[in-house]
Amino acid sequence: MADNSTLYRVQFVSNGEHYELYVREVSQGGLFGFVEIGDFVWDNHSQIVVDPSHDKLKTEFADVTSTFIPMHNVLRIDAVKKQGSAKITELSNKVTAFPRPIYTPKE
């Protein structure tokens, strides 16, 4: 975990949707195989046009202080200089589930 001024863009897949969130805390977490993210950073929309996926994210994570994401669902974590817009986008049917289970039983 870095100092509190570092901003991270975290991209992951959940329930057939691509999530892109901005947070200040990222760590391996206390649960094996999970990445813990917390201290969510949200846009303060001063525009009249509001992105519905951003509002859906704010609602979904309204009472969440930190969340655990399975490592195999994380697509990318970037330390960024500027905050973008948090969003959820639908995955197309052409996307193959990735990755396959890491540990498979031997037959």
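How many bridges join β2 to strand β6? Let's walk through β2 and its neighbours to find out.

## About the model

This is a predicted model, in which local features need pLDDT of at least 70, side-chain atom pairs count only at pLDDT 80 or more, and totals for chains, interfaces and linings use all residues. Residues are numbered from 1 along each chain as its sequence is written, and side-chain values use heavy atoms, leaving out hydrogens and water.

## Strand β2 and its partners

Strands here are DSSP runs of E with at least two residues, numbered from the N terminus, and two of them pair if DSSP finds at least two bridges between them. To settle the opening question, 4 bridges join β2 to β6 (residues 87-90), and the two run antiparallel. Y19 stands opposite I88 in this pairing.

β2 also runs antiparallel to β1 (residues 7-14), with 7 bridges, and L21 in β2 is the bridge partner of V10. These two strands form a hairpin with 2 residues between them, where N15 in the turn has a positive phi of about 50°.

With β3 (residues 34-40), β2 makes 4 bridges, again in the antiparallel sense. The β2 and β3 hairpin has 6 residues between the strands, and G29 takes a positive phi near 80°.

Beyond neighbours within four places in sequence, V23 is in contact (heavy atoms within 4.5 Å) with residues including Y8, V10, I37 and F40.
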